[in-house]
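Have your viewer at hand and follow along.

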Amino acid sequence: MSRTADITGCKAALITARIDLEDAAGPVERKSRDFYWYSPILKRQLADVVGDFVVTPTTTAQIKTILGICHAHGVPVTVRGAGTGNYGQAMPLRGGCILHTVALDQIISLTEGHLVAQPGAIMGELETACRAQGLELRLFPSTVTTATLGGFIAGGSSGVGAIRWGGLRNPANINSLTILTMEAEPREILLTGKDIYKAAHAYGVNGVITRIDVPVDAATDWADAIIGLPTLGEATRFALDLGKADDLILTRMISVFEAPIPDRFFLRHREHLTPSESAVAVLVKREHLSKLEAFAADNDAVVRFNGQPSTRKLPPLHELGWNHTTLRAMKVDSTITYLQMMLPPGDPIAGLGAVKARFGDELLIHLELTRMLGKVTAVAMPLVTFTSEARLEEVITILEGELGATNFNPHRVTLEEGGMKEPDAEQLAFKHLTDPDGLLNPGKMIAWEDPDWKPAAGRSYLFGATLNEEEQVL
Ligand code: FAD
């Protein structure tokens, strides 16, 4: 149902309810942005997106009040954690209220196996609190220093820890979520088991997450290591074999970078790298460093970095991997963008060979190793030299059509196009229960507006319509 938003009435009611509200243009515009500019396509499409005001609740009761008032006035609500999502996930496409969780940052309880926290808790601070008790987070994004737990659960997908535990989709990685619905009288719903995925990775369209319970494990002392290998194929083989050798060498992250990525873009680690080599970055149990060195020697590889002193202050190793690889590359070369994909089925090295044969250095390969249904698997986040939107769309079409890769398109703003390109029936059904007026982060779930939508190459769904390239102008 589409309703006309009464912004003025809503703001007045929120102020009467003593909710902290900001509506000055500058701060509202800043909090209407995330890392959407990572994508040259989204950068153009979403440049003018802006909310009407920002609220900063300090308690769950206040979130309930805000949702009730916004619902009464037909005002859309987009939740914002730290705004580090990079597909415009936290951008209010239809304006309205930005609900910032920054003041909801408390740990509710921390015991072996369970960290229960408010949604705005910063993940790096959670990891520090865990370590103080001999525990550690199971999974975190490479933006751990700034990202919120709620933003990771609602917008993220995987990260450091995936080689042990798989991504967020693995039921072992979230114990439970509590959400508030978007209704006249918002209701609290506890989600456990497979119901968690009705609200996890749903960009906040299915309720505001107010309480999160994630598993934590006994802490391990991790060390950073970088291994150099002559070719991408050898680096990939090494990384996959290392991932499988977890009974011998425990790892928390394994990333592969084709030459010249390390030498060109990892500027502060450069003195430890050999320019012609591809590299494997590994977070390894410190006690297992010597075993890693032996494993490397057995595989004609060389540990180039094992924490030895550097002339420059080094970033933590996880800030070379995951989506930080793209960020580092963009800082050096502003024509770089990226893709996220599963390699063609079959032998990953043959798949990579086919991709390289087709595209050469237009695509530089970056892989992250994860575990899918217990199996060590490489997901690809290649760096792409951007020349035009049309060429980027063509590259995606070739990867999928000719080469059999599956893209999770980071140049689209909707859940469906960034994911499996089909509506998630369970999330859609749940939205009818939790947000019957479609006021939560509208525009992000195509199925809500067009249940019969089908993907079309080179066309994106935006502001309620499927547009081709020329039409995609605001
Ligand atoms: P935001 O960007 O603020 O929000 C993300 C989404 O969640 C939005 O749709 C928002 O509306 C929704 N949301 C936020 N809080 C709530 C809530 N309480 N209830 C309901 N919905 C909510 N992602 C990964 O998965 N793994 C990575 O390793 C990774 N690395 C990155 C590296 C870089 C350099 C960058 C720029 C991004 C990276 N990301 C990664 C994406 C992003 O940083 C993470 O997903 C992060 O966890 C998002 O947290 P946030 O607090 O910034 O969320």
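What follows is a short report on this predicted model.

## Domains and their contact

Let's begin with the layout.

The size of an interface is often given as the accessible area lost when the parts come together. For domain 1 and domain 2, the buried area is about 1,400 Å², and carbon and sulfur atoms give 70% of it. How many salt bridges are counted between domain 1 and domain 2? The count is 0 salt bridges, while 2 residue pairs are in polar contact across the two domains, both at pLDDT 80 or more.

Now for the packing. The largest nonpolar core has 75 residues, and the members that touch the most others are Leu 46, Ile 153 and Leu 177. Helix 6 (residues 149-155) supplies the largest share of this core, 4 residues. Apart from it lies another core of 46 residues, including Leu 240, Val 256, Ala 296 and Leu 399.

Which residues does Ile 153 contact, leaving aside its neighbours within four places in sequence? They are Leu 168, Ile 174, Leu 177, Ala 200, His 201, Ile 209, Ile 212 and Val 214. One of these contacts, Leu 177, is also named among the residues that touch the most other members of the core.

## Salt bridges

Side chains of opposite charge can pair when their charged atoms come close. Across the whole structure, a search finds 28 salt bridges. One of them joins Arg 131 and Glu 136, with the closest N and O atoms 2.7 Å apart. Arg 131 is partly exposed at a relative accessible area of 34%, whereas Glu 136 is buried at 2%.

Asp 221 and Arg 286 form another salt bridge, in which the closest N and O atoms are 2.9 Å apart. Asp 221 sits in the loop between strand 11 (216-218) and strand 12 (222-229), and Arg 286 sits in the loop between strand 14 (278-285) and helix 10 (289-298), so this pair ties together parts 65 residues apart in sequence. Both count as partly exposed: relative accessibility is 48% for Asp 221 and 43% for Arg 286.

In the salt bridge between Arg 264 and Asp 333, the closest N and O atoms are 3.1 Å apart. Arg 264 belongs to helix 9 (residues 261-265) and Asp 333 to the loop between helix 11 (323-332) and strand 16 (336-338), so parts that are 69 residues apart in sequence are tied together. Is Asp 333 buried or exposed? Asp 333 is buried, with a relative accessible area of 16%, which is under the 20% cut-off; Arg 264 is partly exposed at 33%. Salt bridges with shared partners also link Glu 127, Arg 131, Glu 136, Arg 164 and Arg 252 into one network.

## Two buried residues to look at

Arg 412 lies in the loop between strand 22 (406-407) and helix 14 (415-418). Arg 412 is buried, with a relative accessible area of 6%. Its side chain makes a polar contact with the side chain of Glu 393, at 2.9 Å. Beyond its neighbours within four places in sequence, Arg 412 is in contact with residues including Ile 41, Leu 42, Tyr 87, Glu 417 and Arg 459.

Ala 281 is part of strand 14. Ala 281 is buried, at a relative accessible area of 1%. Leaving aside its neighbours within four places in sequence, Ala 281 contacts Ala 225, Ile 226, Met 253, Ile 254, Ser 255, Phe 257 and Leu 317. As for Ala 281 and Trp 37, they are 244 residues apart in sequence and 26 Å apart in space, C-alpha to C-alpha.

Definitions and conventions:
Residues numbered from 1 in each chain as written. Heavy atoms only, no water. Core = buried A, V, L, I, M, F, W, Y, C linked by side-chain atoms within 4.5 Å. Buried < 20%, exposed > 50% of the residue type's maximum accessible area, 1.4 Å probe, protein only. Contact = heavy atoms within 4.5 Å. Buried area = accessible area lost by both parts, 1.4 Å probe. Salt bridge = Lys/Arg side-chain N within 4 Å of Asp/Glu carboxyl O. Polar contact = N/O pair within 3.5 Å; in protein donor to acceptor, adjacent residues only side chain to side chain.
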